[in-house]
Amino acid sequence: MSIYIAYLVVFLLGATPFFEVVGVIPIGVAAGLDAVPVTILAFAGNMVTIYLLILLTDKVKAWLHHRKEKKIQNGEHVSEKKEIRAGRVWKKYGLPGLSLVAPFITGSHLGAILAMGFGGSKIQITVWMTISVVLWTLIMGFVSYYGMGVLTKSTGSTGFLADLLK
């Protein structure tokens, strides 16, 4: 597998809801990829899709509402657990609080959509989601880089991707 394909996968997984920077950066670094490009590409993938969701808010909300109604009509259970948790955070800490914890309680993509539903403006949500994803990107990049360094020294492995390709 070409190294470029591996980095493309990092970008695409960063853009995928619920993977995001919190999950993709550690996986990419553990795979043996360089931490700096992994961090940058995961951030870029995550932000591209968040910005698209914010721009297309009305269409995304309509699609989610239609999807929810269809599940109800089919007799499927519609879980609102994440929405309820996000609502509690919104009431207590507002947009900054929701933005900062969204990657863990709902995912940043759904967090941005919920923030719009709770009344945040597109500009405010864009600013706070960017701050949140930058912060979590830096934290996960730092922790992954130094954590993998410790793991490499103790096991001699250069990452599971490198080990698979041997």
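Guide: We can begin with Phe-118, whose relative accessible area is 31%, and since buried means under 20%, exposed over 50% and partly exposed in between (1.4 Å probe, protein chains only), Phe-118 is partly exposed. This is a predicted model, in which local features need pLDDT of at least 70 and side-chain atom pairs count only at pLDDT 80 or more, while totals for chains, interfaces and linings use all residues. Residues are numbered from 1 along each chain as its sequence is written, and side-chain values use heavy atoms, with hydrogens and water left out.

Visitor: How are the planes of the rings of Tyr-145 and Tyr-146 arranged: stacked, tilted or edge-to-face?

Guide: Rings of Phe, Tyr and Trp (its six-membered ring) pair if their centres lie within 6.5 Å, and planes under 30 degrees apart count as stacked, over 60 as edge-to-face and the rest as tilted. The centres of Tyr-145 and Tyr-146 are 4.9 Å apart and their planes stand at 85°, so this pair is edge-to-face.

Visitor: Which residues form one aromatic cluster?

Guide: Tyr-145 is partly exposed, with a relative accessible area of 46%, and Tyr-146 is partly exposed as well, at 47%. Both belong to one aromatic cluster, whose members are Phe-142, Tyr-145 and Tyr-146.

Visitor: What is the phi of Gly-32, the residue named after H2?

Guide: Helices are DSSP runs (H or I, at least four residues), numbered from the N terminus, and H2 covers residues 20-30, with Val-24 and Ile-25 among its buried residues. Gly-32 follows H2 and has a positive phi, near 105°.

Notes
Helices (H or I, at least four residues) and strands (E, at least two) are DSSP runs, numbered from the N terminus.
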